[in-house]
Amino acid sequence: MDKTTILTYSLTMKNKFYVTTPIYYVNDKPHIGSTYTTVVADALARAHRLRGVPTMFLTGTDENSQKNVEAAEKAGEKDLQKYLDSMAQIWSQTWKELGISFDDFIRTTEERHHKAVERFWKAVEKSGDIYKKEYERSYCVGCEEFKTPFEVKDGRCPLHPNKELQIVQEENYFFRASAYKDELLKLYHEHPEFIQPVSRLNETRNYVKDAFEDFSISREAKKLSCGIPVPGDDSQRIYVWFDALINYMSAVGYGTDDKMFAKWWPATLHLVGKDIIKFHCALWPAMIMSAAKSDELLRNEDESPKLPEHVFAHGFFTINGQKISKSLGNAIDPLDLVKEYPIDAIRYFLLREITFGEDGDFSLARLAERYNADLGNTFGNLVNRAISMSRKYFDNKVPSLASGIESTFDIQRSGHSAQQTFDGPISWGGKDAVDTLWQSVDQYIESNRLDLALETIWGGEGCSLIVANRLVEETKPFKLIKENPEQAAIVLYTLLEACRHFAWMIEPIMPNIAEEIIRQLGQDPIAERKQGIKYLQSWGGLKPGSELPEPKILFPRNA
RNA sequence: CGCGGGGUAGAGCAGUUGGCAGCUCGCCAGGCCCAUAACCUGGAGGCCGUGGGUUCAAGUCCCACCCCCGCAACCA
């Protein structure tokens, strides 16, 4: 058994997959950045569901932030809750329109979340890691914001150096994060896979080593118009980050449904943007380490804390080379894109264009380029020409194979009679190459590298869209049909069956297109899916003699 | 010395553990005619930011330097 086989095995044998996106602030509607995170999570969730792994995919909104209050005021909405409700609606609705298959949508103003936060706070408190401290904070009138000591340069705000900083005395609760420094470093050392990519692991390690300090985790209630009250102290409210992270637990029943919590926690994967890794990779595990000391629900059999398995930090998009910025007004609303391109094309573009973990650029020119080249020319055209020829030469049916499915294995065998019919070498690697491609795809999904999975499906050796197109040129079924109809049938069946495999391979990324292809191949996508992943990955699932409906163009040009 | 990312063909990017420099688009020349003016083949085009070092061998490791960008301020 080689390495890839083992990895494939582990993917299909995983007993659960719990993936999360960050919860988004509702001070604005979704843009291309939050869409990217969510689409990645969705594709991974779909990939696991397709493979029969019980899957929980969570997204939601962060509603306890002062930013939301300001946004509500700006929007002229006096009733904060009403504003939050309408914005949460916009977010979940946008995801639905983009075909995001989230299993749950959490809002941090919900009762279940408050219960979870309360339980969590009390556990941390019981562990002795919450204390009260009076301290000074600097307030910049220009920014209308408090500044951390790190942000203050020479006693002044670097952005408004001509204004005096106001020093405000305040007594808040603190979380003894510093006590978990060593345990965190040990975690990074023993489980480097906790943070991906590696560059982020290094960044986090340096941060924890040098700058990880106790966190202020509450604010005076009278200065805030939102937030969850500190249990047992109504004069203070919980700082937004401390409550926000706990959403990953409250959605799966922490504090409300122990059985459900035991089933789903710990999370398999937190997907985050690179800007919030410190919260997810340092503060969050430290919080859990603390709470776990006093809450057995958060402990494994061996008494170790139940920490999330992986945090993956992806990069950011620029728009035409510029950063996304509200002041520049270049934010892209995904719903506008959907008017010009099929949803699946947008999803493909987002996942294919960015090297996962790196920054990337979003431009309409580039989207058009990939739409026409990758989707229309390479993929859509392959499906279309394969089906068209089969219909034309075989009475609108999938060709029947006189010598059985096994005869399709012969195409790539040199020296076989089949080879003599063709002029040059055959690139098509046959059934074995299809198996190998599936293994690569599984492996890339396992490591969250959907970009590489797509790259391989399009251009890999032995079996890929490119190779399938090449097979048409090398065997010329449109000529072969006159000289050797039986061989033509073998080639065309092979092409159609390959398309069926490609469809299932890209299903997590382009679910609508995948189903459409299966239907165009005269098969029933629902019924096929029910057969399970083993069936989908096996050669020969396409039934010879099936009726082939007239194909519709999958990716029309000039969309 | 605030933190972090990057400089590879005209453009946009890949390059895992160091082993003849790749991909997509564009361009040039052929082929094919099943197909969405789509498909296939071949070609031109790179001192892999600069200067040192380690090595039989460096885009890949080490040191120094130059330039661009992100965060620190709405914003994943």
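Helices and strands are DSSP runs, numbered from the N terminus. The model shown in these close-up views is a predicted one.

View 1. Helix H2 comprises residues 32-50 and lies across strands E1 (17-25), E2, E12 (269-273) and E13 (310-314). Relative to E1, H2 runs at about 165°. Of the 19 residues of H2, 18 are buried, so the helix is largely enclosed by the rest of the structure. At 1.5 Å a residue, H2 should span 27 Å, and its end C-alpha atoms are 26 Å apart, which agrees. Gly52, with a positive phi near 80°, follows H2.

**View 2. The open parallel sheet.** The sheet is open and is formed by 6 strands in the order E3-E2-E1-E12-E13-E7, with parallel pairing. Strands E3 and E7 (195-196) stand at the edges with a single partner strand each, so one side of each has no neighbour in the sheet.

View 3. Strand E2 (residues 55-62) pairs with E3 in the parallel sense, over 4 bridges.

**View 4. Packing of helices H16 and H20.** Two packed helices are described by the angle between their axes and the distance between the axes. For H16 (residues 430-446) and H20 (residues 485-506), the angle is about 5° and the axes are 11 Å apart. H16 and H20 are therefore roughly parallel to each other. On the H16 side, the contact is made by Val434, Leu437, Trp438 and Val441; on the H20 side, His501, Phe502, Trp504 and Met505 take part. By class, the contact residues are 7 nonpolar and 1 polar, with no charged residue.

View 5. The 17 residues of H16 should span 24 Å at 1.5 Å a residue; the end C-alpha atoms are 25 Å apart, which agrees. Buried residues of H16 include Gly430, Ala433, Ser440, Asp442 and Ile445. Val434, Leu437, Trp438 and Val441 are also buried, and these residues belong to the contact with H20. Just after H16, Asn448 takes a positive phi of about 65°.

Methods: Residues numbered from 1 in each chain as written. Chains lettered and ligands numbered in written order. Predicted model: local features only at pLDDT ≥ 70, side-chain atom pairs only at ≥ 80, totals over all residues. Heavy atoms only, no water. Pairing = 2+ DSSP bridges. Helix = DSSP H or I, 4+ residues; strand = E, 2+ residues; numbered from the N terminus. Axes fitted to C-alpha atoms, helices over the stretch in contact; angles between N-to-C directions. Parallel < 35°, antiparallel > 145°, perpendicular 65-115°, else oblique. Contact = heavy atoms within 4.5 Å. Nonpolar A, V, L, I, M, F, W, Y, C, P; charged D, E, K, R; others polar. Expected span 1.5 Å × (residues − 1). Buried < 20%, exposed > 50% of the residue type's maximum accessible area, 1.4 Å probe, protein only.
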